[in-house]
Each structure stands twice: as structure tokens, then as C-alpha cells.
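Subject: Structure handover

Hi,

Here is the structure I promised to pass on. Please open it beside this email as you read.

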Amino acid sequence: MTGIGVLGANGRMGRVLIEAASLDSDVTLQASTVREGSQWNGVDAGELAGIGKQNLLVSSSLDSKAEDIDVVIDFTLPEMLKQNLSWCIENNKAIVIGTTGLNAEQKQTLEYAASKIPVVFAANYSVGVNLMLNLVRQAAKTMGHSADIEILEAHHRFKKDAPSGTAVAIGEAIADELGRDLKECAVYGREGDTGERPQQTIGFATVRAGDVVGEHTALFADIGERLEITHKASSRLTFAKGAIAAAKWLADKPAGLYSMQDVLSFN
Ligand SMILES: NC(=O)C1=CN([C@@H]2O[C@H](COP(=O)(O)OP(=O)(O)OC[C@H]3O[C@@H](n4cnc5c(N)ncnc54)[C@H](OP(=O)(O)O)[C@@H]3O)[C@@H](O)[C@H]2O)C=CC1
Ligand SMILES: O=C(O)C1=N[C@H](C(=O)O)C[C@H](O)C1
């Protein structure tokens, strides 16, 4: 049995993580947190998640349940990452991270933490997107040297980072396969007299609208044909179930930085 601590219980992902934990008999939700001073402090986690009483009160810290927690799950905000990793290092706990939009310094902090504790980081915990990361590599190998490559993503109006972590991960996989550096070849927006499209670039287009859960397309367009590889998430539960699977997988691993591709044995 894997003891789980969920950070950010009140978030869109926090709530479905509580639900996903309740659906999996191999894990026990031992703690879930909200900000200090939050109106949800002291509320039953199941009631917060809309799944009925779980007999576990939400709190502002994992401290009192540290002994029972094996793996912490963090889908919160980039600025919370350092503090969350420090807690895991101090308490020798593994961590599954889904937070996207990390800057270079936050990525370094993540890598340092992974030298001390087991860490899974993935921009997307769905099986489909992780399969897509392999499919786009195959497409890039076959078509990518002559085709124009564009990555399109759409998400709900509340999303704070752009392009999505998944879109960046797709871009990185394609660039890696083609021997390009994404930092050099990415184009994140076009306006005005842009001139003709430079062939080596990888373009990104972002839509933010309504309640779209998450959609990603990698487009390989040549003269006369176009390949589109698309993933559409219709429920956040798919990400949450993936994160729970990652937590169970991580529980007995040594310190290191792992991906969802490792969890799914795609590597
Ligand atoms: N890897 C993946 O598969 C996926 C990743 N994500 C990523 O997960 C992250 C969260 O997304 P989402 O759930 O939609 O965002 P939300 O804004 O709904 O949730 C973020 C939560 O973090 C909470 N939080 C912030 N600071 C603290 C703190 N000090 N202590 C405890 N909780 C805190 C917020 O609390 P409060 O409500 O009080 O502000 C909020 O509830 C994003 O980066 C998103 O891109 C999302 C889906 C899938
Ligand atoms: O914020 C979201 O909602 C999502 N974020 C992740 C990302 O940035 O790729 C994953 C998923 O698409 C949902």
C-alpha cells in the first residue's frame, strides 16, 4: 500500500487526484493540503473533491502525516516547487510532479532534488500523450527534414502558462529527433510581415478558451500532404490516474529523475 500526500487539494487537479486515489485500492490518501488561511482548511478531502466523505481533513501542511506518506504529488504552481521539494528532501519522500511552466532555475532545483530523492516529472501523465511523444519522433524521423512542423495546443481559460508543458515536450522530442535545438528553432507567435516560413523552425500556436481540458496536435506539412497527430483529453481523471500510477511505481525507486515514459516502460 502506497501512502500518498496531495498538495493543492483545492486545485482542478488536486480535486481529481483525491478522487483518483479513492478509486485505487493500492494507495491510501494520507494527507492533502491547501494554502495556509484557505477557507478549505479543515474540510473533509472527499467533500472538497465532490466524492463524499473520505474521513481525512485537508490541512495546510503534510507535517503531521509525514510518517505515513511514501509519495507526495504536486500539481500546483511553479513558485511552490522549491518549498515542496525541500519538504520532500528533509523528510526523505519521493515526489511526482505535474506542475508545468517551470523556468530554468526551477528546472535546476528539480534536478538537484532528484540527486537526493526519487522524482517523476512529466508535463502530461496521460498514456495517450506519452505514446504521442514516441509517434512524433517517428514522424519527425521520416518527414521532419522537409516538412513544416507546427504544434497546436488548446486549453481552458484558467490556464496560466503558455505554450503548455505538453506542447513544449512535443517540441523537444521532435527537435531532439532532428538534431535541432528547440531554443534556437522555436517560433512562439507570428504577426505582421513575417516573410516566408523558415523551414527549420518549429512553430507553436496556443488557444485559451472555455473549459477545454487539453488538446495537442503535431502537424507535419509538406507540399502535397500533411500528417497530423492529435491527442484530446476529455477528463482530468486521465492525468490523475497517470500520476497515481507514477506514485505507485516510484515508491520503491532510488533517487533519480524519472519520466512518465519510464513509468510506462516506453524507454
Ligand atoms: N502534468 C500533467 O499531466 C498536468 C499538469 N497540469 C499542471 O498542474 C498545475 C495545476 O493545474 P490546475 O490544477 O489546473 O491549477 P489550479 O490553479 O486549479 O490549482 C493550483 C492549486 O495550487 C494551490 N496552491 C497554490 N499555492 C499553494 C500552497 N502554498 N499550498 C497549497 N496549495 C497551493 C492553489 O490553491 P488556491 O486554490 O488557494 O489558489 C490551487 O488550488 C498547472 O501547472 C498545470 O499546467 C495540469 C493538468 C495535467
Ligand atoms: O493546465 C492544464 O490544464 C494542463 N496542463 C498540462 C500542460 O501544460 O501540458 C497538461 C494538460 O494538457 C493539462
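First, the ground rules. This is a predicted model: local features need pLDDT of at least 70, side-chain atom pairs count only at pLDDT 80 or more, and totals for chains, interfaces and linings use all residues. Residues are numbered from 1 along each chain as its sequence is written, while chains are lettered from A and ligands numbered from 1 in the order in which they are written.

**Layout**

The chain splits into domain 1 (2-121 + 236-264) and domain 2 (127-233). The bounds come from an automatic or database domain assignment. Between the C-alpha centres of the two domains there are 29 Å. Eight residues of domain 1 and nine residues of domain 2 make the contact (two residues are in contact if their C-beta atoms, placed from the backbone, lie within 7 Å). On the side of domain 1 that touches domain 2, α8 (237-250) and α9 (260-263) are the elements that give two or more residues. Helices (H or I, at least four residues) and strands (E, at least two) are DSSP runs, numbered from the N terminus. By class, that side of domain 1 has two nonpolar, five polar and one charged residues. Here Ala, Val, Leu, Ile, Met, Phe, Trp, Tyr, Cys and Pro count as nonpolar, Asp, Glu, Lys and Arg as charged, and the others, Gly among them, as polar.

**The six-stranded sheet**

One open sheet has six strands in the order β2-β1-β3-β4-β5-β11, paired parallel. Two strands pair if DSSP finds at least two bridges between them. β2 (27-32) and β11 (256-258) are the edges; each has a single partner strand, so one side of each has no neighbour in the sheet. From one strand to the next, the twist averages 25°. Axes are lines fitted to C-alpha atoms, for helices over the stretch in contact, and angles run from 0 to 180 degrees between N-to-C directions.

Three bridges join β4 (residues 94-97) to β5 (residues 118-121) in the parallel sense. I95 has V119 in β5 as its bridge partner. Helix α1 packs on the sheet and touches β1 (2-7), β2 and β3 (71-74), with its direction at about 145° to that of β2. Helix α3 (residues 81-90) also packs on the sheet. It touches β1, β3 and β4, at about 180° to the direction of β3. In the loop between α3 and β4 sits N92. Its phi is near 55°, a positive value in a residue other than glycine.

**The ligands**

Which residues are closest to ligand 1? They are G8, G11, M13, T76 and G98, out of 26 that surround ligand 1. A residue is near a molecule or strand if its C-beta atom, placed from the backbone, lies within 6 Å of it. Helix α1 (residues 12-23) gives the largest share of this shell, three residues. The shell has 10 nonpolar, 13 polar and three charged residues.

Around ligand 2 are T100, A123, N124, H155, K159, S164, G165, T166 and G214. That shell has one nonpolar, seven polar and one charged residues.

**The five-stranded sheet**

The other open sheet to look at has five strands, ordered β7-β8-β6-β9-β10, with mixed pairing. Its edge strands are β7 (186-187) and β10 (225-233), each pairing on one side only. β6 (residues 148-155) and β8 (residues 202-208) run parallel, joined by seven bridges. A154 has V207 in β8 as its bridge partner. β9 and β10 pair antiparallel over nine bridges, and D222 stands opposite E225 in β10. Their hairpin has two residues between the strands, and G224 takes a positive phi near 105° there.

The axes of α5 (residues 127-143) and α6 (residues 165-178) come within 9 Å and cross at roughly 35°. Nine nonpolar, one polar and three charged residues make up their contact. α6 lies across β6, β7, β8 and β9, at about 165° to β6.

Finally, check the peptide bond from A162 to P163: it is cis, with omega near -10°. P163 is in the loop between β6 and α6.

Best wishes
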